[in-house]
Amino acid sequence: MTGFVNPRTPDDEPIVGRDRPRLDSTMKVTGRAVYTVDIEKPGMLHAKVLRSPYAHARILSIDASAARSLAGVTAVVTREEIIGLHSYGTYVKDQPIVATESVRYVGDVVAAVAAVDERTAFAALDLIRVEYEQLPAVFDVRAAMEPSAPAIFPDQPFAAYPEYGDGASGAAHTAHNVSYEFRYETGEESVWADCDYIFEDTFTFSRMNHMHLEPFATVAEATANEIEVWTSTQSPFPMRKELARVFGLPENDIRVNVPLLGGGFGAKNGPKTEAIAIRLSQLSAGRPVRYCMSTEEVFLTLSQHDAILTVKSGLKADGEFMARQSRVLLNGGAYADASPLVAEKAGYRMPGAYRWKRIDSVCQAVITNSVPAGAYRGFGATQATWASERQVDLIAERLGFDPLELRLKNTKELGEEFVPGETPIDSDLKHGLILVADAIGYRDRTRLSNRGMGVAIGIKDGGGVNKPAQARVKVTTNGDVFLNCALVEMGQGGHSALCQIVAETLGCDPKRVRYAAIDTDNTPFDQGTNASSGIAVMGHAVRQAAERVKCSVLDTAAEHLMLDRQSIRLDDWTIVDAEGTTYELPPLIMERFGGTGFEFTADGYYKARSASSAPLEAPCIFWEIGWAAAEVEVDPETGRVELLQLVVSGDAGKVVNKLGCRGQDEGAAVFGLAQALFEELRYDDGELLNGEALLYRVPLAEDIPRRFSSITQEQGHGAGPFGTKGMGEGGMLPIAPAIAQAIADATGAQLTSLPMTPERVYNGIRAARVRHGGADGNA
Amino acid sequence: MSLESPESNEETLTHNVEFELNGSPERHCVPTSATVLDLLRNSCGKQGVRASCERSVCGACTVLVDDLPVAACSTFAFDVDGARVETVEGLAAQDGTLSAQQQAFRECGGFQCGFCTSGMLMLTTALLRQNPQPEREQIREWVSSNTCRCTGYEMILESVERAAELAGAKQQDQVSE
């Protein structure tokens, strides 16, 4: 079920093909779509890795001689084979290709083998002897920060980080086992003195695996001087840069090819399988090496950040929000990966959708002996929204406000600044809140026992920072179009949407536009497919390239036909003059250029301007908003929650592809639903208990409420081409808090930890009875 | 694989498997340990069959064996000896015309990254053979045997409903012809 709502319908025409299926639909329903896992090269070898059985240990010795001499093995990589090569990481470069002095989590890579087939590679791994000296390990973020905790990095790894603008600052290694710390501050400290109420609450946020169905996979062909990879990455150019750094090669000796991705959700940023496959290929006389992880290995490679968030909010007696302080600890796991960036965003997004006179946020990424945490759909905003929205509901209960009314009172207006120097809010936030509330009947409901409703809003700065995007559009003599840019298709529908933007600009059928294969030698530069930036950032570059091609076609035609340039237009590869006379372009082009004709080509470029007044170096491109409303029924005897209704809404600004927008919001909402109720990486004293598909519960069709719908708003204020905004992450943000409030509304149980399992709900109900002086509180 | 593993010097037990694949006969000599997934992807070149969890959980590798959906990753190749096997490659007509299921998933956006799509389509094919007009509840139950991480499922459920509708209409056309 879905709906489209336009409070302020943009005047312009609908975008060509927006009602039609995505352009990648045929290849995907016929099984012809090609992913990295499908890449095969003649003479291809297969890699497998040996992983640490210990959470923290010093490596005393590695004896790989038996593995090396096994027939069929072409190369073994241990710490001996990576001497002189650099470690990787987003800001903090702390992750080596294979472990050197020590292993830092269960699953850390100790050695890698290339062999003629996977079976032989496995057999070789069994022959590698590693002597460890176990070291004390630490898994809890608070415990890790204690001075007595083991130092997971005794020597501080190299780190580089941004300058930041007004009110923001960041630094690496600020405390024991802290890889990165972000701070943001605005307004006067004295605001606290004007508050009538101050509440401080602590929330915990769980940790999920991305569970992209296509595992991490790479095929590499590499010598000491040249590297080519086919790999499942969201960020081809950052990958090239990082590989150049790790292997000490010029970037033009490294070529990164990126086929379709079978899901990413943030996981496929930064090296995963690449460096291992490359090093093994280099040591196997340049033969191609394929390293495809199993799902179990994916679990040992990257996760979301679990977090402890303490939020202190001050407000006036009438419910006006005044000041908010937050202290967030993210569990970054053993290596920094994207933790610094996630810390930055989790800290920055703590104000939520509300107006505060004073904001003071600190977020620290803590190193522990667990799987590294990195980018994950929502990127810090999911953690921040959970705590921020949950506290609004706790405050509403304490002061006797209706949670929706308290939100409406404090929600920022359209056009109001988020914080000084930042982009004004570009959606009508209240409109969205009322929309989802009314969609579940929040305001005119009849109270039924054990049933409750909740509404929430999540907000994140979208489009990324420092993202120069380039695109190229080429049109052949016959009007067949290529779009050449590095936006990776990982399911979000970006390729299709960008092709539609080209088609819209050139006035042709989107089917005539082909998205060219991505390889870093030939594809124009881009910073990466992340931060919901595809449409709002790359879309501008693509549109500019298409506009420029169109201009060049019109210039050529006007000159050739001796017509006034301003009086002609392009329609379906035909020139139309002021009188409506049409001139087909192919014969015109052949006449003018002769031979095999011509190809019109133009480039486009876009980058948001940086500004030192913007806290994060540049004002954000757009605000990505997720609104949600939920209704639950709770069994008070068991704590079991049944989700009766879930409505999610995002603001596309302007829809380029209806199915695409809807799919992004609904898909994101179901990530949120799972995080709310059951999906979680479970640990017992640091040991991952459910790191495989059978034990790790992801949502299935049966988990989706019978009344589940999405509303794609087109508010028309987006900064992207045609008024668009980015999609894909917003829908995840408000789900868990909306469900939490619905549970509170139904039972009085105010939960502060995720997931909201029957056990937690049951205990929450008992606690609520005690709080409200219920008779059976101690039963 | 282009080269033999060293263990193949030792006696690797093999087995001849003869079966029908998407309507055509196939005959392969495979190790007894080979799965249907190995057989279809590596020996028969059916790369539309996707490998994901390889634990019979996610359903990305779902193919039909004698009309029933099975996890190719967890079925031995020798088990399909003499059977009729169908993969996503067999759904469209020879001229490329998409089947009702394929058309429906296209139209209704029942896919995003596409990695679960082959399995979902085969599941739909099996369901519609058993019950050409399934109710929403039965569709939910069937679709719940496979994992999709992208769509949130609602658009897949709608795709299956639409597939039933399109297949029904096609059949009506054939009757009235």
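Tutor: Happy to! Let's begin with the largest nonpolar core, which has 146 residues; A:Val632, A:Ile739, A:Ile743, A:Met756 and B:Val143 have the most contacts inside it. A nonpolar core here is a set of buried Ala, Val, Leu, Ile, Met, Phe, Trp, Tyr and Cys residues joined through side-chain atoms within 4.5 Å, where buried means under 20% relative accessible area, exposed over 50%, and partly exposed in between (1.4 Å probe, protein chains only). A second, separate core of 90 residues includes A:Ile278, A:Cys485, A:Ala558 and A:Val656.

Before going on, keep in mind that this is a predicted model, where local features need pLDDT of at least 70, side-chain atom pairs count only at pLDDT 80 or more, and totals for chains, interfaces and linings use all residues. Residues are numbered from 1 along each chain as its sequence is written, chains are lettered from A and ligands numbered from 1 in the order in which they are written, and side-chain values use heavy atoms, leaving out hydrogens and water.

Now to the charges. Side chains of opposite charge can pair when their charged atoms come close. Find A:Glu189 and A:Arg358, whose closest N and O atoms are 3.0 Å apart. This pair links distant parts of the chain, 169 residues apart: A:Glu189 sits in the loop between β11 (178-186) and β12 (197-205), and A:Arg358 in strand β19 (residues 358-367). Strands (E, at least two residues) and helices (H or I, at least four) are DSSP runs, numbered from the N terminus. A:Arg358 is buried, with a relative accessible area of 2%, while A:Glu189 is partly exposed at 48%. Both belong to a network of salt bridges that also links A:Glu185, A:Arg327 and A:Asp360.

Chain B has a pair to look at too: B:Arg162 and B:Glu107 meet in a salt bridge (2.7 Å, N to O). B:Arg162 lies in helix α5 (residues 154-176) of chain B and B:Glu107 in helix α2 (residues 100-108), so the pair ties together parts that are 55 residues apart in sequence. B:Arg162 is partly exposed at 24% relative accessible area, and B:Glu107 is partly exposed at 36%.

Finally, look between the chains, where the count is six salt bridges. A:Glu296 forms a salt bridge with B:Arg55, with the closest N and O atoms 3.0 Å apart.

How values were computed. A salt bridge is a side-chain nitrogen of Lys or Arg within 4 Å of a carboxyl oxygen of Asp or Glu.
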